[in-house]
Amino acid sequence: MKSNIKFFALAIFIFNLSFAACKKDNDLGSEAKMSEEEAIETLETSLANVATGLEEAAKIAGDYSAESDTSAVTYCNTTHDTTWAQAYTTQTGAGSYTATWGFKINCNQIFVPVSIDLNSDATGTYQSLLLTGTETGEGDYLLEGLLPSAANYEVNGDYHVESSVTSKTGLKNTYSVHIQLAVTDVILDKASFEIQAGTGDVELTATSPKGQSVTFTGTVVFNGNGTLTLTVNGKSYTIEY
């Protein structure tokens, strides 16, 4: 009888140990995924970088839209590139980037510039309340509105990001992050080169060191006045840049 009691006691002890181990693994697995708060800060960083970059790119259009028909013959349908440093500050952090923009001037049949094909490559680092990160981004855009009759510039296109993001809290994981952003009808003022309006759709996928992935999708509204609104899972965040 005593042997049976010892056997059952041992079995219960082993079960409890196994249950505790499984619970610990599940807890760690949950913690290992990027949190929604961390995802929001990561998206804020990329969106601020995109908005700042588009306003800088609008200055390229300003350099060419005012050219005369005669001088336009020398650069119509040719490609060019330029590199600059850009920086931004948001409510939760700041970043600095080096951006290289390639651009092709599209002209009409009488050699008047009408639009620009833009592609960008940006690399940089950032710090936020919860994260530190390094980021590489590539963008492809069409900027229209170079004709004098157009009231504003208008941009449509896509931006893709690959980044390495390290959490400052919890397990302090380093995540591999992929972001896709599509921007639609982003309007930029011809005089100030500032964004006035526009929308976008964004998706972020973060993979933890244990290979666990989580995806967040959202929408973007460019408000003008140096702000945009990001909405994820029904919650809206205003981002200043």
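Read along the sequence, the protein chain runs α-α-α-β-β-β-β-β-β-β-β-β-β, with 3 helices and 10 strands (DSSP runs numbered from the N terminus: helices are H or I of at least four residues, strands are E of at least two). The model is predicted: local features need pLDDT of at least 70, side-chain atom pairs count only at pLDDT 80 or more, and totals for chains, interfaces and linings use all residues. Residues are numbered from 1 along each chain as its sequence is written, and side-chain values use heavy atoms, with hydrogens and water left out.

**Chain totals**
- The protein chain has 241 residues, of which 42% count as buried (buried is under 20% relative accessible area, exposed is over 50%, and partly exposed is in between, with a 1.4 Å probe and protein chains only).
- About 12,200 Å² of the protein chain is accessible surface, and carbon and sulfur atoms hold 55% of that area (Shrake-Rupley method, 1.4 Å probe; for residues, only the protein chains shown count as cover).
- Of the contacts in the protein chain between residues at least 6 apart in sequence, 56% join residues at least 24 apart (a contact means heavy atoms within 4.5 Å).

**Salt bridges**
- The count is 2 salt bridges (a side-chain nitrogen of Lys or Arg within 4 Å of a carboxyl oxygen of Asp or Glu).
- Lys235 is partly exposed, at 44% relative accessibility.
- Another salt bridge joins the side chains of Lys59 and Glu56, at 3.3 Å from N to O. Both Lys59 and Glu56 lie in helix H2, 3 residues apart, which is about one turn of the helix.
- Lys59 is partly exposed at 37% relative accessibility, and Glu56 is partly exposed at 26%.

**Negative surface patch**
- Asp121, Glu138, Asp140, Asp158 and Glu162 form a negative surface patch (patch residues have over 30% relative accessible area and no salt bridge; like charges are joined within 9 Å, and nonpolar side chains, namely Val, Leu, Ile, Met, Phe, Trp and Tyr, within 5 Å).
- For charges, Lys and Arg count as positive and Asp and Glu as negative, while His and the chain ends are not counted. A charge is placed at NZ of Lys, CZ of Arg, CG of Asp or CD of Glu.
- At least two residues of the negative patch come from each of strand S4 (131-144) and strand S5 (152-167).
- Glu138 lies in strand S4 and is partly exposed, with a relative accessible area of 48%.
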